[in-house]
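This briefing covers side-chain contacts and surface charge. Please read it alongside the sequence and coordinates.

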Amino acid sequence: MSKNLLIVESPAKAKTIEKFLGSDFKVVSSYGHIRDLEKGNKAIDLKNKYAPTYIVPADKQKLVTELKKQAKAAEHVWLATDEDREGEAISWHLCEVLGLNPKSTKRIVFHEITKNAIQSAVDNPRLLDINLVNAQQARRVLDRLVGFELSPILWRKISMKGSLSAGRVQSVAVRIIVEREREIQEFTSQSSFKITAIFDVKDSKGRQGKLKAELSRKLDTEKDAQAFLESCKGANYTIKDIQTKPASKSPAAPFTTSTLQQEASRKLSYNVTRTMSIAQKLYEAGHITYMRTDSVNLGDTALAAAAAAIKNNFGEKYSKVRKYKSKNASAQEAHEAIRPTYFENQTIEGSNEEKRLYELIWKRAVASQMADAQLERTTVKIDVSTNKEELQAQGEVLLFDGFLKLYMESSDDESDEEAEGMLPPLSNGQQLPLETMTARERFSKAAARYNEASLVKKLEELGIGRPSTYAPTISTIQKRGYVERTDREGVERKYQVLTLAADTIKTKTETETTGAEKAKLFPTDVGMVVNDFLAEHFVKVMDYNFTAKIEEEFDEIANGKIEWANMIDSFYVPFHKNVEDTIETAERASGERELGVEPKTGKVVLVRIGRFGPMAQIGKTEEGSDEKPRYAKLKEDQSISTITLEEALDLFKFPKPLGEYEKQEVSVGLGRFGPYVKFDGGFVSIPKGTDPHDVDLDAAIELIKAKKEADANKFINSFKDGEIQVLNGRYGPYIKAGKDNYKIPKGTDPNTLDQAAVEEIIANTKPSGGGRARKGAKK
């Protein structure tokens, strides 16, 4: 047995580290946390300073037994879990469960898995930092308390069947998305006209070229645009001023967790969970530094390695040493930004997605240490003789590419502006022949919906969450069904284009697609109703500044400035009172919205959240009346906040007759469990994703035929005039007797069963689905 046992949290990390340590070390993995808070509401002792009760889950019992055995046999146990609060907590739990003394057990940390870093960490061990442990424990306890107290209120107060739940940071993230959606829904687009002129000019070699210039202001109406073009008829266009100024562009800082998630989304189309999963693999394989960081700092060794790589690949003039400082006050500058461990490696061996993310990290880190790009920006002012207006042309020339040779940061900006290009040779007083001048109708845009990357940016700006929480937060709100990440098709929109050419104005109507979305975050109806309920009754919990303040208090616990139980108490006492008041006084919430009345009956038509999700309803339950309201489920692409009366009434056009097949009527309907085709007294389910409005007679017949074929393959034999059947099922052959099903013993050929054998199986087998065994059956 090795003298030293070194424990990490990941088998991949263990495998990489073991290569750098000698035979005196055995490196093993805890596979993450080895214990967690007990399930249920007994996990936290409210009367004993919020003391948590931890248990070792059943699936970790065998691992813990083995770790105890190895720890007992080793002379020294080293804890080498990640350097953040989560990693510190894993090490503390290992001490508690394995019986290690936290005051003497060696704890080592490193932000890269290289031979030098591991050896340096082993040479300089420290003890467990209980302040970091307390900060992680405080977050865990607080989030458990909030979830366990808020979730039951949602079950009581919102009609939706199922396990609605609420979390502290997640609820605020949903609020951000809901508020943006409402801002978009309430936005009214305004049109204006943009003036663009194209002039004929010659380039430096005398070839025919073009110069584009624009009016700096926009015109409000088509009438204004028409009048402006009229005023330009017969005009002379003269260059009255040319201004040339030097400019430069500087590279972005190396990646933090947040900026990596944002740029991987823009450049590689990775969602935040995928990005962090790949980054974790790269870190554990020793390719990059630790991937959960809010620092933009690079150490001196990294700066020297980056400079060497730049000089070797691009030349001395491309190198410029830069030291970045984070704008985030809570950033831990002692940590490093995300960077390659070996700058000489431009790529790595691995999967395609690992290579792509690594190369992005390499380029960003290297570019951050490269020289500025040098540019020359030119602005040309053009006089219009007939109306004394001024057009303006702008161009840009790249004199020295600097860091742009390697990398350009992407942007979330969705503007229609074109990049400035190079201008042809021009001079003051030069006359410019006009080719065309257009007035193109443009429309103002609402703020863009969030994608995962821009939501991470917003959370960081608000101070909500930390590098380790962004991805889990975004994943959780989608898993709970409060937010969905999806594409949406745009709609066609007409716009006007007026063109002046040869002193003649022509008007044309063109079309464009607007509102198309790709991988954007949309709140669901349930998410909006839950958000509104929490925003009304838990103002403080849903407040951005308050949530950010809680994060700052976790930081203070980590720095040893405040005691964690006191911090929990200051939150929980008023919060719990708020919970009790809400249970007593809050009304049920359903997001109900009245749309109008049904023309035939005059009954009110409304939409709301029901037990099974968003639904439309005609009529209300009235005392003394036997007539019940009618209900219809909303389609997947409909929302209770935007559906119209006409769209809601269309949902009640079922059951809808389609025609006849085999002399039997065929119809399509909507049931409790979804849409169906009705034929010959039976029902055929319509596949998920198929809109019942689109099912015609031919489509219904195909579904009926497929059902008949499936039923034919299902039947094996029957007895007692069909009362007992032997059938093929989804999980194998079985016997159906009345409403009960009986599993046929393994190894028995169902085709050989006679009536006596079937009855014996029934007598000695418990029915599936929890039914009672027949008299005489074995228990």
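Is E646 buried or exposed? E646 is exposed, at a relative accessible area of 54% (buried means under 20%, exposed over 50%, partly exposed in between; 1.4 Å probe, protein chains only). This is a predicted model, in which local features need pLDDT of at least 70 and side-chain atom pairs count only at pLDDT 80 or more, while totals for chains, interfaces and linings use all residues. Residues are numbered from 1 along each chain as its sequence is written, and side-chain values use heavy atoms, without hydrogens and water.

**Surface charge**
- E636, D637, E646 and E647 form a negative surface patch (residues with over 30% relative accessible area and no salt bridge, like charges joined within 9 Å).
- E646 lies in helix α17 (residues 645–650) (a DSSP run of H or I, at least four residues).

**Aromatic pairs**
- The structure holds twelve aromatic pairs (ring centres within 6.5 Å; planes under 30 degrees apart are stacked, over 60 edge-to-face, the rest tilted).
- The rings of F25 and W78 form a tilted pair, with centres 5.6 Å apart and planes at 55°.
- F25 is in strand β2 (residues 25–29) and W78 in strand β7 (residues 76–79), 53 residues apart (strands are DSSP runs of E, at least two residues).
- F25 is buried at 13% relative accessibility, and W78 is buried at 5%.

**Salt bridges**
- The whole structure has 55 salt bridges (a Lys or Arg side-chain nitrogen within 4 Å of an Asp or Glu carboxyl oxygen).
- E183 and R180 meet in one of them at 3.5 Å, N to O; E183 is partly exposed at 43%, whereas R180 is buried at 18%.

Notes
Patches are made of residues with over 30% relative accessible area and no salt bridge: like charges are joined within 9 Å, nonpolar side chains (Val, Leu, Ile, Met, Phe, Trp, Tyr) within 5 Å. Accessible areas come from the Shrake-Rupley method with a 1.4 Å probe; for residues, only the protein chains shown count as cover. Lys and Arg count as positive and Asp and Glu as negative; His and the chain ends are not counted. The place of a charge is taken as NZ of Lys, CZ of Arg, CG of Asp or CD of Glu. Rings of Phe, Tyr and Trp (its six-membered ring) pair if their centres lie within 6.5 Å; planes under 30 degrees apart count as stacked, over 60 as edge-to-face and the rest as tilted.
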